[in-house]
Amino acid sequence: MKKICLIMALVSTPFLHAGELVSTNGVEILAVDGKKVKQHLFSSDKLEVDDGPHQVAVMYKGQFKNSDIISSKIHIFDIDTQGDTEISIKRFGNSMQAKNAINKGIEWIVKNDEKTTMVTNSDIISGEGLFPNSNVEKLISDYNQQHNITVQTEAAPATLAMPAATVPALTTTTATTTINTSNTALLIETYQKASKQEQKAFRMWLLEQDMK
């Protein structure tokens, strides 16, 4: 097994430049340098990062006219950010094209102020159990240990934009979980009264919770 040492010392100095890291075409940025990106419902997928090498964990999630929601597994690879950097993939016209691309292996497009790079054959990370991707930071840590990769960063955990709307939460306690029936009824009623587009957005949000 080859030994790789990826050292990222992100120290705030007058000479350090930063830009926005953006995802498009259904790409979701789950973690940067081993730190989970905090995502919220209806947030915009962009965050500020310093120029230089970074390790990212991403996945594809697309929704199509027939209401099919197609998701890939988590992919992990290194990028070099120079100014504003975008991670995207080829846009799919239908769910079948998305499924075929996932089965063949997604080609990620990384574009920044200096160049465009195509990332192929990126590694996939996945856990076990009912929610295999619930702890993305642990999955990345296990992957890095397995491949002798060291990621050092002083940057705070990345955070995407604050949400434009929130969803009513269920009532919980530390010892047991208690379902508040009035809140549940409100959720059901709200969902039934919502438009088809709002219902789709809510289902996408539910899928995102499996990643946390």
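Author: Happy to; we can go from the whole chain to single residues. This is a predicted model, so local features need pLDDT of at least 70 and side-chain atom pairs count only at pLDDT 80 or more, while totals for chains, interfaces and linings use all residues. Residues are numbered from 1 along each chain as its sequence is written, and side-chain values use heavy atoms, with hydrogens and water left out.

Reader: Thanks! How many helices and strands does the protein chain have?

Author: The protein chain has four helices and eleven strands. These are DSSP runs numbered from the N terminus, with helices being H or I of at least four residues and strands E of at least two.

Reader: And what share of the residues is buried?

Author: Of the 212 residues in the protein chain, 34% are buried. Buried means under 20% relative accessible area, exposed means over 50%, and partly exposed is in between, with a 1.4 Å probe and protein chains only.

Reader: Which residues have the most contacts inside the largest nonpolar core?

Author: Those are Leu21, Val56, Val58, Tyr60, Phe77, Ile87 and Trp108, in a core of 23 residues. Strand 2 (27-32), strand 4 (46-50), strand 5, strand 7, helix 1 and strand 9 each give two or more residues to this core. A second, separate core has twelve residues, including Ala57, Met59, Tyr143 and Ile149. A nonpolar core here is a set of buried Ala, Val, Leu, Ile, Met, Phe, Trp, Tyr and Cys residues joined through side-chain atoms within 4.5 Å.

Reader: You mentioned Val56. What does Val56 touch?

Author: Leaving out residues up to four places away in sequence, Val56 touches Leu21, Ala31, Val32, His75, Ile76, Phe77, Ile79 and Ile87. Contact means heavy atoms within 4.5 Å.

Reader: Switching to helix 1: which of its residues are buried?

Author: In helix 1 (residues 95-104), the buried ones are Ser95, Ala98 and Ala101. They lie on the same side of helix 1 because they cover an arc of only 125 degrees around the axis. Met96, Asn103 and Lys104 are exposed on the other side.

Reader: So what do the buried residues of helix 1 pack against?

Author: They pack against strand 5 (52-63) and strand 6 (69-71).

Reader: Nice. What about the spacing?

Author: An α-helix has 3.6 residues a turn, so residues three or four places apart point the same way.

Reader: Which strands does strand 8 pair with?

Author: Strand 8 (residues 85-88) pairs with strand 1 (residues 18-23) in the parallel sense over three bridges, and with strand 9 (residues 108-111) in the antiparallel sense, also over three bridges. Strands pair if DSSP finds at least two bridges between them. Thr85 is the bridge partner of Leu21, and Ile109 is that of Ser88.

Reader: Last one: where does Asn121 lie?

Author: Asn121 lies in the loop between strand 10 (116-119) and strand 11 (123-125). Its phi is positive, near 55 degrees, in a residue other than glycine. Asn121 counts as exposed because its relative accessibility is 73%. Asn148 also has a positive phi, about 55 degrees, but counts as partly exposed at 35% relative accessibility.

Definitions and conventions:
The arc is that of the directions from the helix axis to the C-beta atoms.
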